[in-house]
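Reader: I want to check some labels against their cut-offs. Please give me the value, the rule and the conclusion each time.

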Amino acid sequence: MQKKFLDRYRETIFKGFASNRGIVNNISSESIEYLQETENPCMETFYQAIIDFETKKFVDTEKPLVGYFCSIVPEEIIIACSLHPVRLCCEDQIWTQAGEEVSPGDICPVVKSVCGKFYSGFYDKFEIVVVPGTCDPKTKLAEMLSPLIDIYFLDPGRDADYLKNADIWERKYRDFFDFLKKRFNYSAGRKELISACQKTNKRTEIFRKIYQLRTKNPDAINSFDYYIMIYASFFMDIDLWNISAEKVYKEASAKEDKRTCGRPKVLLAGTPVIFPNFKIIDVIEKSGLSIAADIQCTSFGRFYNPVEIDEETESGLIRALTLKNIAGSICPCLLNLEKMINLIIDTVKKYNLDGVIYYNLRLCQVFDIQTAIIRQALKQENVPFISIKTDLSKEDTGQLKTRFEAFREMLEIHSK
Amino acid sequence: MNKITITRRIFQVVSLILLVYGAYIFKEWKGSYETEQSFFPSLQAPAGKISTTQFEKGSILWPSGATPVIENYPPSLVCRFNPKGGLFKACILHFFSENLTWQTQIKYLLPYITLFILLCFIFGRMWCGWVCPIGTVGDFLTFLRRKMNIPLRRFPQNFRMNLSFTGYGIMVIALAISTIIGMPNFARYQCYWFLPYCQICPARLICPMFGLIKPNWKDFSTGITTTFTILAWIVLGLFIAAFYFGRRVWCHMCPVGLINSWFNKGAGVELHKKAIKCIKCGYCADCCPMGLTKMYEMNKDGIYNQNACIMCFRCVDVCPREDCLTARFFGKRIQSKDFFRRTKDAKKIP
């Protein structure tokens, strides 16, 4: 059942932060620059979607909007209830400053920017927000947002072991499904679930194609375009995204030249890269490396696994969703470090990549804490590894560039 | 639904049809099997000695008290197909039970046992997943449940282990009874206790229905036959419930499957896992009809043939990671890349 947080103090808190409301930031000029680094004309749909979303035009959709965080929240269940899922994860410097009124300075930047967006009234039209209890800041976020909007708290537990927790996950997802059906007065069953799963499976299929193409030739769809497509999938209608991404893929694969990419190919792992914060991609590309593959929860972790429909009963479908979203998840909040290391080594070996960049967003501790272990594990397999820690500001761009250039030279020596 | 599973389903249905109607479909073979002899003429049983010819030609005798009840073999009972001596073509438990009772000399049985062991060493327990007629019927019941949107009942591991102990218990009791009634002093009980497990086996009641023949489903002539009849009904009920609510829970108990399972480790058909590819999503453990989880738990590369595995390769089918789980035949991969690529869900791309 839905739990009410801070019910007694809701009004006071709401009034206390009322002065923040009404600030609407337009999309920053730097972000627009990122949108223009493309050669593919089919990307237009995604740019338009992003600009619409950032300027609040997006909320015209007929379906009720449901916000969520993290890839462990089952998008398929939200789609099955005929709602529009929007992933609210956000790493925006401007919104971070707005959010610091409510949240302390040295806390997860995602929480800060989300608080900024909510307390400024950016997400007013959302009916409900689903907050998972994956990490500590997210758990508290549920309470921090509760004076503004209805919250559904989904706690998957921290142990990603199928044998111990599969039944618990199934029950939690079922509760969530029942809640949505009751809240929006919509009767959905397995037919709706199956069609939702087919939509996400279609997306997985297209994503896998794009992923494979980029590992061969990263220039076919450049990194900016790739991450923009990923960001657009947060809020775009899934059918529209599938069609547009298919077009982009066709365009890219038709133009693909046989010439291999001259720059060293690297794997980007670690904290997810979300739209306005493309500093890291910018620096990597400018220092002569190319991101050929990635292991991040916004892109790979969310798209790469299909929902395997084994039993087409309602409970079987829900179970398949838990396995895809929780057990198969690569979130470092859960107990799955070995899986992460295996994935990195396997991807590097399979696609002949030259090195691994492990990206830590400052103040995201769960990614940071496992860096040393991953470095040691990769040493055994003789995979070049660099870990960098940075924040949303652009002050350390030059410093990062120097480090990446040194890394590139090392890779070039290593590959000889 | 993926191609490997579709292949298996087609194989199961074809096997069921062949087992039930084979003798009718290939009537011209009749001439040849009339004269069929043993593969090894020197081991041919002397006439009147070995007791397969005790059966009337084309029928199997269920001794029930005073009046013998005759049931036709194919298309009535798929359990045995054995015209006029020759090779035993029978369910392995049937084979052991009757030969223990008749005290057939081991040298006559040796070729058949060798053949059985050879097949087992090549295919392991593949019989259960791909051929077994009552397994096919049970899978159809499972299919019905899925269509009716009734959730799957999952049984805990202890329960499944206890089931296989029960299966061994039943098997030992059945074979012991068969041995005892073979002794001259107890020969008078033969007409009541002959083939004790087969009398309660669900295949005896289910398979004749495919041949549109009424099985000997109620026999209240004596106390013992009444007991057997009631037991057979109970077992049939359990069989239907097990397959309808669970998937292959029954197969943990089936004595034939248990005998086959001894050869599973080291069989020619192998399930191989490449641990570095695994992302621990648990699909392989979740879809397993026998509820086995070792494939999921293992963190090292290797061949994981478990005793209870029925080689249905469902786990290979649903694994979302390419090359993680593979089916192998004597160390060689049997999936060709195109053939087992999935059809409807997200495509696996090499």
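Author: Start with contact, which means heavy atoms within 4.5 Å. In chain A, among contacts between residues at least 6 apart in sequence, 75% join residues at least 24 apart. In chain B, residues 24 or more positions apart account for 72% of the contacts with a separation of 6 or more. This is a predicted model: local features need pLDDT of at least 70, side-chain atom pairs count only at pLDDT 80 or more, and totals for chains, interfaces and linings use all residues. Residues are numbered from 1 along each chain as its sequence is written, chains are lettered from A and ligands numbered from 1 in the order in which they are written, and side-chain values use heavy atoms, with hydrogens and water left out.

Reader: Why is the pair Y123(A) and F126(A) called edge-to-face?

Author: Rings of Phe, Tyr and Trp (its six-membered ring) pair if their centres lie within 6.5 Å; planes under 30 degrees apart count as stacked, over 60 as edge-to-face and the rest as tilted. By this rule there are 36 aromatic pairs over all chains. For Y123(A) and F126(A) the centres are 5.1 Å apart and the planes stand at 70 degrees, so the pair is edge-to-face.

Reader: Why does Y123(A) count as buried?

Author: Buried means under 20% relative accessible area, exposed over 50%, and partly exposed in between (1.4 Å probe, protein chains only). Y123(A) has 3%, so it is buried. F126(A) has 7%, so F126(A) is buried as well.

Reader: What makes S82(A) partly exposed?

Author: Its relative accessibility is 26%, so it falls in the partly exposed class. S82(A) is in the loop between α4 and β2 (84-87) of chain A. Its phi is positive, near 60 degrees, in a residue other than glycine.

Reader: Why is N382(A) called exposed?

Author: N382(A) has 56% relative accessibility, so it counts as exposed. N382(A) sits in the loop between α17 (371-380) and β8 (385-390) of chain A. It has a positive phi of about 60 degrees, although it is not a glycine.

Reader: And which class does A176(B) belong to?

Author: A176(B) is partly exposed, because its relative accessible area is 34%. It lies in helix α7 (residues 157-182) of chain B. Helices (H or I, at least four residues) and strands (E, at least two) are DSSP runs, numbered from the N terminus. The C-alpha atoms of A176(B) and P196(B) are separated by 9.8 Å, and the two are 20 residues apart along the chain.

Reader: What makes α14(A) mostly covered?

Author: The count does: 14 of its 14 residues are buried.

Reader: What does α11(A) pack against?

Author: Its buried residues pack against α3 (44-54), α4 (75-80), α9 (190-216) and α10 (223-232) of chain A. Among those buried residues are I238(A), W241(A), A245(A) and Y249(A). Helix α11 (residues 238-255) of chain A reaches 26 Å from its first C-alpha to its last, close to the 26 Å expected.

Reader: Where is the kink in α4(B) centred?

Author: It is centred on Y112(B), with a kink of about 25 degrees. The bend at a residue is the angle between axes fitted to the seven residues ending there and the seven starting there. Helix α4 (residues 106-123) of chain B still reaches 25 Å, close to the 26 Å expected. Y112(B) is one of its buried residues. Those buried residues pack against α3 (92-102) and α12 (255-261) of chain B. G124(B) follows α4(B), with a positive phi near 60 degrees.

Reader: What makes K181(A) a charge over a ring?

Author: A charge sits over a ring if NZ of Lys or CZ of Arg is within 6 Å of the ring centre and within 35 degrees of the ring normal. K181(A) lies over the face of F177(A), at 4.3 Å from the ring centre. K280(B) lies over the face of Y296(B), at 5.1 Å.

Reader: How much of each chain is buried?

Author: In chain A, 63% of the 416 residues count as buried. In chain B, buried residues make up 53% of 350.

Notes
The expected span of a helix is 1.5 Å times one less than its number of residues.
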